[in-house]
Amino acid sequence: MHAPAPVRPRTLFLDTHDVARLIGVLGLPACLRGLAGTLRADYLRWPEFDKEARIAAYSEQGTIELMPITDGTHYSFKCVNGHPGNGRHGLPTVMAMGALLDCDTGMIRLLSELTLTTALRTAAMSALAAQVLARRDSHSMALIGNGAQSDFQALAFATLLGVRELRLHDLDRRASERLARNLAAAELPGRPLSVRLCDSVAEAVRGADIVTTVTAFQGRAQVLDDALIEPGMHLNAVGGDCPGKTELDPAILRRAEVFVEFPPQTRKEGEIQQMPADFPVTELWRVLAGDAPGRTRADQVTLFDSVGFALEDYSALRFLQAQAEAHQVGTWVEVTPGQADPRDLYGWLQGELRGEQRGEQRGEPQSRPALVS
């Protein structure tokens, strides 16, 4: 009787080039719509997930965080950093990677970059929240902080809410100029975006329907003052995402209806860390499910206190896996040894070493296939 052939458990690997190619195949608007749809579908399954706040390691230079979640069938995690001084080293401020695993076997089905993907899913999540919290006639947005995330926020709101007027402000005017150039070159459905560079936060915010803050300020900054907030505005606070880092005047929180992703995490990291432990908030999943009201009046001020939650990365990984397999993007790699006897890892290693000594190849890695248009 012949011994069974060794199993070769394979993992789909996506690097930044793969994800960029997927976006090229699908188009950025379709990616944002697809991500928003996947996010909505998973948030509607909120009670099915085993949830916890992310686990963080802090240093003087920045933060590294682990974000796990499972629905009992699949398990995902993201490892992400935030190091504001990384520009000095030629590195991005935020870098991330993640994985999607089967709960039944522990098999790693997908390994992926999540730096580019996090920018996409954060923007898609902001727009998804605004769809149920902003006024339906919203067409203008102030974008305060014009760094790497700002392009995606602008394009998500243009794609998913029909925002066509953008007011940009950053302490570094060159950042706003860069963003304006990128937006001018972006291909979006509908009429072109109207983009205005503003010399102050007040100039950008005055008369805007939506205000998005996505700054890199450290400490308890007050990027937005309560005196600037007008009735009917929807606020999308993205920049505050760790203990001790905030963007909003606490008076804004007291006058707004505040919506959050996962309260145990947001109370530590979001804008509401400035408020008492019993400060009232509404979980966004309940609004999406129709269990709680979102905006109830045209003159109401609503606030999405966004810090990013593991469910969103789970959704992003699911979306990537489905699209990569459909369009044959990525590389199949062997992260897990495939020995004939699962108990004989050492024997598998010896076989690999003998093969290396004989100059044998371990099996051709799958080349990156041509894209399907």
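Two strands count as paired if DSSP finds at least two bridges between them. Strands (E, at least two residues) and helices (H or I, at least four residues) are DSSP runs, numbered from the N terminus. In this predicted model, Ala142 stands opposite Val211 in β10. Local features need pLDDT of at least 70, side-chain atom pairs count only at pLDDT 80 or more, and totals for chains, interfaces and linings use all residues. Residues are numbered from 1 along each chain as its sequence is written, and side-chain values use heavy atoms, with hydrogens and water left out.

**The eight-stranded sheet**

- An open sheet of eight strands, with parallel pairing, has the order β9-β8-β7-β10-β12-β16-β14-β15.
- The edges are β9 (194–197) and β15 (282–283), each with a single partner strand, so one side of each has no neighbour in the sheet.
- Strand β7 (residues 140–144) pairs with β10 in the parallel sense over four bridges.
- On another pairing, β10 and strand β12 (residues 234–237) are also parallel, over four bridges, and Ile210 stands opposite His234 in β12.
- Strand β14 (residues 257–260) runs parallel to strand β16 (residues 302–305), joined by four bridges; here Val260 stands opposite Asp305 in β16.

**Strand β10 and Thr213**

- In a regular strand the side chains alternate between the two faces of the sheet.
- In strand β10 (residues 210–213), Ile210 and Thr212 point one way, while Val211 and Thr213 point the other way.
- All four of these residues are buried, where buried means under 20% relative accessible area, exposed over 50% and partly exposed in between (1.4 Å probe, protein chains only).
- Thr213 has a relative accessible area of 1%, so this residue counts as buried.
- The side chain of Thr213 makes a polar contact with the side chain of Glu247 at 2.6 Å. A polar contact is a pair of N or O atoms within 3.5 Å; within protein, one must be able to donate a hydrogen and the other to accept it, and residues adjacent in sequence count only if both atoms are side-chain atoms.
- Leaving aside residues up to four places away in sequence, Thr213 touches several residues, including Ile144, Val223, Asn236 and Leu248; contact means heavy atoms within 4.5 Å.

**Helices across the sheet**

- Helix α4 (residues 150–161) lies across β7, β8 (165–169), β10 and β12, running at about 165° to β7.
- Helix α5 (residues 173–185) lies across β7, β8 and β9, at about 170° to β9.
- Axes are lines fitted to C-alpha atoms, for helices over the stretch in contact, and angles run from 0 to 180 degrees between N-to-C directions.

**Aromatic pairs**

- The structure holds six aromatic pairs.
- Phe49 and Tyr314 form an edge-to-face pair, 5.1 Å centre to centre with 85° between the planes.
- Phe49 lies in the loop between α2 (28–43) and β2 (55–58) and Tyr314 in helix α10 (residues 310–327), so the pair ties together parts 265 residues apart in sequence.
- Rings of Phe, Tyr and Trp (its six-membered ring) pair if their centres lie within 6.5 Å; planes under 30 degrees apart count as stacked, over 60 as edge-to-face and the rest as tilted.
- Tyr43, Trp46, Phe262, Trp285 and Phe309 form one aromatic cluster.

**Nonpolar cores**

- The largest nonpolar core has 66 residues, and those with the most contacts inside it are Leu14, Tyr43, Leu284 and Leu311.
- Apart from this core lies another, of 26 residues, among them Ala204, Ile252, Leu253 and Met275.
- A nonpolar core is a set of buried Ala, Val, Leu, Ile, Met, Phe, Trp, Tyr and Cys residues joined through side-chain atoms within 4.5 Å.
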